[in-house]
Amino acid sequence: MYEAEKDKILNDYYNAKEVYAKFDIDTDEILDKMKKIRISLHCWQGDDVTGFEKSANGLSGGGILAIGNWPGRARNGEELRQDIEKALSLIPGKHKVNLHAIYAETNGEFVDRDEIKVEHFRKWINWAKEKEIGLDFNPTFFSHPKANDGYTLSSKEENIRKFWIEHGKRCREIANEIGKELKTQCVNNVWIPDGSKDLPANRIEHRKILKESLDEIFSVKYDKANIVDSVESKLFGIGSESYVVGSHEFYMSYASRNDVMLCLDMGHFHPTENIADKISSILTFNDNLLIHVSRGVRWDSDHVVILNEDLLSLAKEIRRCDAYDKVYIALDFFDASINRIMAWVIGARATLKAILISLLEPVHLLLEEENKGNFGARLALMEEFKTLPFYSVWNKYCMDENVPIGTSWIDAVKEYEKEIIKNRA
Ligand SMILES: C[C@H](O)[C@H](O)[C@@H](O)C(=O)CO
Ligand SMILES: [Mn+2]
């Protein structure tokens, strides 16, 4: 970076620091807090949730869909890791990478989901060690012939259920090993697509079966220093418009009773429902919470995340609950119609900006007015704080973390596309 550019960023930062100081916010302290924030970057944005299974099951039977055919999706572990490295080099901070079981590397052999082992993730683990990043994990209960009838863990067919229970158990074993080896807790998140397109006559039976399957999967106890288990709900999906077995109420009850973490995906609720208000309720009864940061648009739950009102209110609510050490933040979106690295970086930078804005908010002044009953002044301050000069602090954060400032990262992606991605015929 040119010296003149650096001087300008520093100058802007010192001006912003003065503005924030008037509201008792120390921007240096906030930047220190930002350095400790970890988000989890989902590997599946890099290849449209395809995975590396030899039988190439494709994105089927899963209630999720990646639309688009932007050229050059990663086709194997080497390409995917290369693309993730590029994305990480443009995102400020040190983060984690989130894997799905379908990203196992099996030396060209077909290994079914009920047979996967930690050795199939050896390359990912070694890579993470070298990069000094943590890994998170997800069993893959979709894109498989045994998921095509619409039910996996909640299936009435014993052989189907047993297959998926074994998969769930093996994934926990793998996640535990990952956490142990990397000395960084691995979040293992269970999401299943089970449900039906049209009105079921019996909703309760599948839910009772799902409870039993989960009980069996979670019956093995692991050290929480290595693995933290979570369960993710959904309101509806493609092909499961009328009924989803793993609903919010189902998993909220399950999580509270079974010492398992709840996962709220921002795209998995009613389109007008904002999940920010749910955080304080859940944290009143549970120690932790996983958020899948996503953007629902009409019936799709997985658009690339942008700095919109939903994301800002989510981050502000975590901050106002003083819960950044209790809430795990993982990205979850996939768009195959734009450059996939752009998608990652847009979503990650938007999420980190929202976190920074939330940490810079003078919450104590809002509380002061609230406690005095001055609700007009509280609202007025909330509005004024929206336009404080956070961008100058953001630029300083990017500069400290050695990543491109402002729009310059976009050119870096275009360059990478020309040099690397275009050659993937
Ligand atoms: C691939 C992910 O596990 C998946 O997106 C899940 O988390 C989800 O949100 C499904 O809609
Ligand atoms: Mn999700």
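## Strands S9 and S12

Strand S9 (residues 289–293) and strand S12 (residues 327–331) run parallel and are joined by five bridges. Helices (H or I, at least four residues) and strands (E, at least two) are DSSP runs, numbered from the N terminus. Two strands are taken to pair if DSSP finds at least two bridges between them. Within this pair, His-292 stands opposite Ala-330 in S12. The model is a predicted one, in which local features need pLDDT of at least 70, side-chain atom pairs count only at pLDDT 80 or more, and totals for chains, interfaces and linings use all residues. Residues are numbered from 1 along each chain as its sequence is written, while chains are lettered from A and ligands numbered from 1 in the order in which they are written.

S12 is also joined to S1 by two bridges, and these strands run parallel. Here Ser-40 stands opposite Ala-330 in S12. Five of the five residues of S12 are buried, so that the strand is mostly covered; a residue is buried if 20 or more other C-beta atoms lie within 10 Å of its own, exposed if 12 or fewer, and partly exposed in between, with C-beta atoms placed from the backbone. Val-327, Ile-329 and Leu-331 point one way from S12, Tyr-328 and Ala-330 point the other way, and all are buried. In a regular strand the side chains alternate between the two faces of the sheet.

## The sheet as a whole

Eight strands form an open sheet in the order S3-S2-S1-S12-S9-S8-S6-S4, with parallel pairing. Strand S3 (134–136) and strand S4 (186–190) stand at the edges with a single partner strand each, so one side of each has no neighbour in the sheet. From one strand to the next, the twist averages 30 degrees. Helix H10 (residues 340–360) packs on the sheet and touches strand S1 (39–42), S9 and S12; two residues are in contact if their C-beta atoms, placed from the backbone, lie within 7 Å. The direction of H10 makes about 165 degrees with that of S1. Axes are lines fitted to C-alpha atoms, for helices over the stretch in contact, and angles run from 0 to 180 degrees between N-to-C directions.

## Strand S8

S8 pairs with S9 in the parallel sense over four bridges, and the bridge partner of Asp-265 in S9 is His-292. Strand S6 (residues 227–232) is joined to S8 by three bridges, and the two run parallel. In S8, Met-261 is the bridge partner of Ser-230.

Five of the five residues of S8 are buried, so the strand is largely enclosed by the rest of the structure. Both faces are covered: Met-261, Cys-263 and Asp-265 lie on one side, Leu-262 and Leu-264 on the other, and all are buried.

## Annotated residues

An unreviewed UniProt entry lists His-268, Asp-300 and Asp-302 for "binding site". The three span 35 residues in sequence, yet no two of their C-alpha atoms are more than 9.2 Å apart, so they gather at one spot. UniProt positions are given in the numbering used here, feature names are shortened, and annotations may be inferred rather than shown by experiment.

His-268 is placed in the loop between strand S8 (261–265) and helix H8 (276–285). This residue counts as buried because it has 26 C-beta neighbours inside 10 Å. Leaving aside residues up to four places away in sequence, His-268 touches Ser-233, Lys-234, Leu-235 and Ser-301. Asp-300 is found in strand S11 (residues 300–303) and counts as partly exposed, with 18 C-beta neighbours inside 10 Å.

## Surroundings of ligand 1

Ligand 1 is surrounded by Trp-44, Val-49, Ile-64, His-100, Asn-138, Trp-191, Glu-232, Lys-234, Asp-265, His-292, Ser-301 and Asp-332. A residue is near a molecule or strand if its C-beta atom, placed from the backbone, lies within 6 Å of it. By class, this shell has four nonpolar, four polar and four charged residues. Ala, Val, Leu, Ile, Met, Phe, Trp, Tyr, Cys and Pro count as nonpolar, Asp, Glu, Lys and Arg as charged, and the others, Gly among them, as polar.

## Loop residues with positive phi

Most residues other than glycine have a negative phi. Asp-24, although not a glycine, has a positive phi of about 60 degrees. Asp-24 is found in the loop between helix H1 (3–21) and helix H2 (27–36) and counts as exposed, with 9 C-beta neighbours inside 10 Å.

Asn-402 likewise has a positive phi, near 65 degrees. Asn-402 lies in the loop between helix H13 (390–400) and helix H14 (408–419) and is exposed, with 9 other C-beta atoms within 10 Å.
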